[in-house]
Structures are given as structure tokens and as C-alpha cells.
Amino acid sequence: MNRSEQLQALTTDTLWDIIIIGGGATGLGSALDAATRGHKTLLIESHDFAKGTSSRSTKLVHGGVRYLAQGNIKLVREALRERGYLLKNAPHLTSVQTFIVPVFSWWEKMFYGIGLKVYDLLSGKLSLGNTQILSKHETLAHLTSINPKKLVGGILYYDGQFDDSQLAIEIAATAIEKGATVINYCKATGLIKTNGKITEVECIDVLSEKKYAIKTKVVINATGVFTNAIVQMDDHLQHDLVSPSQGIHLVVDAKFFPGIDAMMIPKTDDGRVLFAVPWHDKVVLGTTDTPIEEISFEPKPLVEEIEFIIKHINRYCTTSITRADINSVYVGLRPLVKQKRKGSTALISREHHLSVSPSGLITITGGKWTTYRKMAADAVDNADFIGKLNKEKCITAHIQIGDEQEKENRFQKILQEDASLAEKIHANYSFTKAQIVYAVQYEMAMGIEDILARRIRILFLDARLAIELAPMVASIMATYLQKDKNWETEEVAVFTKLAEQYILK
Ligand SMILES: Cc1cc2nc3c(=O)[nH]c(=O)nc-3n(C[C@H](O)[C@H](O)[C@H](O)COP(=O)(O)OP(=O)(O)OC[C@H]3O[C@@H](n4cnc5c(N)ncnc54)[C@H](O)[C@@H]3O)c2cc1C
């Protein structure tokens, strides 16, 4: 994955079959799907891959237990199937995770026990393990920090877990390997029409400020919560299609929540879902669901969201977590498909939404990370029709993501050239300096944020440490990107400002 090589493709007078705007889960999945069907495919991402919501999830590969409670069996069954495919196709980036639902009455035990057995049954052959009903004693043995007061028992069930941005980057690499052209820091700025149909996409290389107009048969808009801007680029009279809802996560040390099991509270006293999920030797606590007006690439947590999570974790557990214990707070925006009905965003469908405009713009939005492959398949099926492309079938259900052997060979090469790069970036983490070099050479990392936020997840795990490590990361990157001291200084300043938003003061 080399950015200059990928950019080269924009200088040729090519007629692309499909241009995809947006390099999150949905867009990258679409690029992989389109390339494996043999289409000439280009994806452009305005920032880094997974800069948007796709690096800010709760890290669950799941069927969505709460959609089951809403009676949406079809949605759950589809997501469970996708969960199975993802765990099979990317085993090195996903894992099976046990979840425990603590219950506080016999009625709850029966209700969640039956519900989660159904959840497992719906996954059929792709089941990850049998749901078990636990006694109070067994629940306390699994969740050592749970508050025993009023606890009646628990339900243990299985779901998946993953590293979202790493998966995104490996989907990008796989798409390129299958023939797609995939470029980060390349923003779509306009759509050109001929006889009412979109025939060209205008874009700008954000790093060099060079502009391009690229010919295509069809365009897929996969810009998540930024969808409205592209829809209105196509037709300025269009109403907003998505309504943003914010979800925050607090990351704390594992000492607050020891053990290997995750906890799921399906309904807090104000009706929300709360997770505590072990991740990279830390624990992710979340999330919230707060309707917001403004969208941003760096959304900010609200005081009441932070208080909600801390208060409820301390209530369900024997912990007394304070703001000072939070290593990092990260915020994601859900691109929820707007419905006319006003009310809580938690009730808006997470099913994906696909629309085709009169000029042929295909917009795919909503859904969740777990179902990215199915969303992509639906988008490319439509692109085949709109762009009159040859109708090859989708084969991504059985395409491996990433190439572990190739990755290992590349690491060996990096270390042969400079053995000192085997050094860890910090005593408390297993990440090495070689991973920084790898990300620059093979994963299109262009700045400190790309490394510390999305290639190795220090910003999300420990924002203060991320600031401390920034000069070292800049210095290694500068060597391999051939940048000067000014670049290093500027990068460190920009990154430090950004990382400060992830720290609770
Ligand atoms: C708090 C929270 C927790 C979640 N947890 C889970 C979970 O645990 N499991 C799960 O399965 N799902 C989860 N989800 C849902 C999941 O993360 C999203 O559905 C998914 O990441 C959306 O991906 P996307 O590609 O549609 O959007 P995005 O990831 O936002 O990607 C859109 C991309 O488009 C780019 N873009 C915007 N404008 C332009 C332009 N003009 N030109 C080029 N590029 C542009 C953006 O930079 C962005 O990278 C969660 C969501 C939230 C908010």
C-alpha cells in the first residue's frame, strides 16, 4: 500500500467503473467487493482511513442483543451471519469474547436467559458457543468487580470483538491487492453531470492541493455521518438524510475491571445499554446515544455523557472511578437514517439504508461495522445496475482480509535493515518502533495521528502517553517520509492539540 503509487492512477485518463467516496468500513468494504467482482474501482477518503466513526466503535462484532429485545429478528440474524464471516475472514484482527449480563431479579434471569439462548440459536452453524445461566457465585467468579448487592446471577453469552481501524486498514490493503485504487487524504469536492447523470467526480489531494476531475460510470457515497454534504453536492435541494447521534467511550486501566469477560448491562435505570469490554489490556466503557446538531471529525464528549458512564459503572461495580482515572475518552457519531417521527435516537433503526438519486448517486449509510460486508454487497449490486457493469456475483463472504505471512516477511525486512526498530515504544505496551515504520511504508500513514490513533491505538488507550510519544513517532516518520525538522515540530504541535481533547481534565 503505497500512496504515491495509488495517486499515480489519478493522472491517467481512465474511465473508472466505480468511484467510492469515503474510506470507513462501508466504503472500504465496497472497494473490496467491487474489485473482487472485477470492476475498475477507485476509493477516495478525505482524511485517513477510518478517521470517522469506523475507528470509534465499541469494538464489538455483534448481532445486536438489544435489537432482539426490540423484536427485530431479521436484523439480528443478518448481523450474526456477518459476525461469523468476519471472525472467519479476519481471525487475526477479531476474537471471540465472553459477555456476562448480571441480573438482579429472577424475572430478569429468565428474560435475558431465554433471550440470549435465542440469540445463540439465531447464529446457527456460526454460533460462537452456548449461552449459559450462571448462579450468583459463578457470576461473582467471572466479574470480580461486580457489586454483589441484590445480584441474583448472570447470563454468559458469546459475541465477537475486534480492532476497528486496523481492520479498516487491512480491508484497504486487501482491496488494493485485488486491484482497487485506494487513496487517503483525497477529498471529493464536486460531482459533474452530463445529461443529468453523474459522469465525473472532482477531488483534491489534500496533502499537495492538486485537483483532479475523474471520469466514472457510477459513484457510491459511503461518507457515514457526512452523507448529507455529498447528497447535497448532487442536488442542493435535497433534505438531510442522516441524523447524527453521539456515543462516547471512556478507557480505563484493567485493574478497575479485572478478568477476561466483558459486562453488558442491557438496560440501565434510564433505559440505556452499558458495556465494559476488555480491549488491548485496558477496558472500554460505553456508550451513550445523544442526538446532536453539529457534525465534526473530532466530536466532543458532553459532561452529562461522561457522568452517566462513570456513575453507572460505579453503581454496578465496586469501583469508585473518577475523571482522573480515565486514560482516554473517544467519541463516535452514528449515521442514523432520519425518520420523520421525532423522538429518541436509540429507537431509530440501525439497519442500513440505500438510495439512488435521479443522477445515479448511490448512497449507502446506517448499519453497523459488523454488517459492513453486506452493506457493501448491496451498494455494489446497485452500482452494477446503475453503471450497467458486468454482473459478477459478490464473493466477499469468503475472501480473507489481510495477509499475515506477507506482513511477517515485511517486518523481518524492516528489522534486517535496522535491528534497533525491535525496541518497544514504551515499557507498558508491546507495540514496537518497527510498527511505525511498517505503517509508513505499507499502510499509507502520513502523520502522527495516523500512527497513534489508528495504526497502534495509543491515543485511544492512553491519551497522555500518546502526547509523550509524539516527538519520537515524528522523528521516525520524518526519516522514512524524508521530512525536515519543521515538519516534525508542526506535526507534534497539531497532534498534541488533538490529543488533549481525549484527556479529561
Ligand atoms: C459510539 C459508537 C459505537 C459503535 N459501536 C459499534 C460496535 O461495537 N460494533 C459495530 O458493529 N458497529 C458499531 N458502531 C457502528 C459503526 O461504527 C458504524 O456503523 C460504521 O463505522 C460506519 O462506517 P461508515 O463507513 O459508514 O462511516 P465512517 O466510518 O464515518 O466513514 C465515512 C468516511 O467518509 C469520509 N468522508 C467524508 N466526507 C468525504 C469527502 N467529501 N470525500 C472523501 N471522503 C469523505 C470520512 O472522512 C470518513 O472516514 C458504533 C457506532 C458508534 C457511533
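## Charges over rings

Lysine 40 sits over the face of tryptophan 16, 4.5 Å from the ring centre. Lysine 59 likewise lies over the face of tryptophan 279, at 4.8 Å from the ring centre. A charge counts as over a ring if NZ of Lys or CZ of Arg is within 6 Å of the ring centre and within 35 degrees of the ring normal.

## Basis of the values

This is a predicted model, in which local features need pLDDT of at least 70 and side-chain atom pairs count only at pLDDT 80 or more, while totals for chains, interfaces and linings use all residues. Residues are numbered from 1 along each chain as its sequence is written, and side-chain values use heavy atoms, with hydrogens and water left out.

## Aromatic pairs

Rings of Phe, Tyr and Trp (its six-membered ring) pair if their centres lie within 6.5 Å; planes under 30 degrees apart count as stacked, over 60 as edge-to-face and the rest as tilted. By this rule there are 14 aromatic pairs.

The ring centres of phenylalanine 99 and phenylalanine 275 are 6.1 Å apart and the planes are at 80°, so this pair is edge-to-face. It links distant parts of the chain, 176 residues apart: phenylalanine 99 is in strand β4 (residues 94-103) and phenylalanine 275 in strand β13 (residues 274-279). Strands (E, at least two residues) and helices (H or I, at least four) are DSSP runs, numbered from the N terminus. Phenylalanine 99 and phenylalanine 275 are both buried, where buried means under 20% relative accessible area, exposed over 50% and partly exposed in between (1.4 Å probe, protein chains only).

Tyrosine 119 and tyrosine 157 also form an edge-to-face pair, with 5.8 Å between centres and 85° between planes. Tyrosine 119 lies in helix α5 (residues 106-122) and tyrosine 157 in strand β6 (residues 153-162), so the pair ties together parts 38 residues apart in sequence. Tyrosine 119 and tyrosine 157 are both buried.

## One cluster

Phe99, Tyr119, Tyr157 and Phe275 form one aromatic cluster.
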